[in-house]
Amino acid sequence: MKYCKVCLTTNLRPNASFDANSVCIACNYSGDAIEPSLSKLSRLQRRITETQRRLKRKGPYDCIVGVSGGKDSTRQAQWVRDRLGMRPLLVCCAYPPYQMTETGAENLSNLMNLGFELLISTPAPRSAAKLSLASLRQHGNVCKASEMALFATVPRVAIDVGVNLIFWGENPALQVGDSSVMGIDEFDGNQLRRLNTLTGGNDWLKGEVTSPYLADHYMYPEEYLFDRKKISIFYLGAAWDDWSNFDNATYAALSGLTLRPNDEHITGDISNASMIDEEFTNINMMIKYFKFGFGRATDLVCELIRMGRLTRDEAIPIVREFDGVCDDSIIENYCQYVGISHRDFWAIINEHVNSDLFWIQEGGRPMPKFTVGVDFP
């Protein structure tokens, strides 16, 4: 495991890419991103205009913004409507009632209170629980099915309603370092289908869902449908100089978003603003740490390092304290949700732990062999 020399990203991140100086994609982009925001906005607007010209039929909406009700989507929706002057339809693939937190429901309501029209699609609760356990067993990921549905729902709605312009927020290639989704420029999201979450085959899911029609809702639409409907995806985060988890949380909170209380020692979320619509994603962040040697705290501090708000040395003890944190209360709730014991949960987790990086503890949490920030052979 090797660390980026600027931040704390490791080369074990899926689809990571370091240059000859051991610097990651995100840090290189951050160092090069000195173009004035007005210039970036002009380039984005030209791309949008070109895309809209290709659509002959005009409807009540001229774009779709994928939302969760969280900090990023709240800011994105307002920016598209108020800055770009567009008529967005907000589309959300929400979590089933047992998973969705009260805060998540309040924040979706807040989007409607802000004057947006919102279409919500929700996986069936029993199917969601069944698929979560299946993906945990096979992929070491409690959220793979729900993430697949989240990314698939937005373009499927776009195809059905005849809208050919989709906006997402974060560019995974430039802002966290997933090289597989790199497009022709920083705004291009048309390679999103190559995201690590959406690859790896779908046979496991089709085997768990009884009806092929229901399984289709989890599948990202085929490329020929995008071509036929002339659909383009753009990332908005690249258009803002101040795109970050922390700045987006501030903007969204001022617009009525409800954040988490200060419970970072329960969730591991030092921003108290990530994935606030449900709690099982905190388990996924913990598992990511055990699989790849980095977790959510690493992602958050790397962003602060690139913004010049934190030094690499200052970030190391934060990562050491919070990467992999997920309270037993969240794990117990998940075990009840999918119908397994606490011991069974850790037995499954241990099958996915990277034993080169961690000592496996039977019935308990793995312990790291590596030192944060130091290359580990």
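1. Ring pairs join Phe280, Tyr289, Phe290, Tyr334, Tyr337, Phe345, Trp346, Phe358 and Phe370 into a cluster. Rings of Phe, Tyr and Trp (its six-membered ring) pair if their centres lie within 6.5 Å; planes under 30 degrees apart are stacked, over 60 edge-to-face, the rest tilted. A caveat: this is a predicted model, where local features need pLDDT of at least 70 and side-chain atom pairs count only at pLDDT 80 or more, while totals for chains, interfaces and linings use all residues. Residues are numbered from 1 along each chain as its sequence is written, and side-chain values use heavy atoms, leaving out hydrogens and water.

2. The structure has 15 aromatic pairs. One of them is Tyr289 with Phe358, edge-to-face at 5.0 Å centre to centre and 80 degrees between the planes. Tyr289 belongs to helix H13 and Phe358 to strand E6, so this pair ties together parts 69 residues apart in sequence. (Helices, H or I of at least four residues, and strands, E of at least two, are DSSP runs numbered from the N terminus.) Both Tyr289 and Phe358 are buried, meaning under 20% relative accessible area with a 1.4 Å probe, protein chains only; exposed is over 50%, partly exposed in between.

3. Tyr334 and Phe345 are also edge-to-face, 6.2 Å centre to centre with 70 degrees between the planes. Here H16 carries Tyr334 and H17 carries Phe345, so the pair links parts 11 residues apart in sequence. Tyr334 is buried at a relative accessible area of 0%, and Phe345 is buried at 0%.

4. As for H14, 11 of its 11 residues are buried, so the rest of the structure largely encloses this helix. Just after H14, Gly308 takes a positive phi of about 80 degrees.
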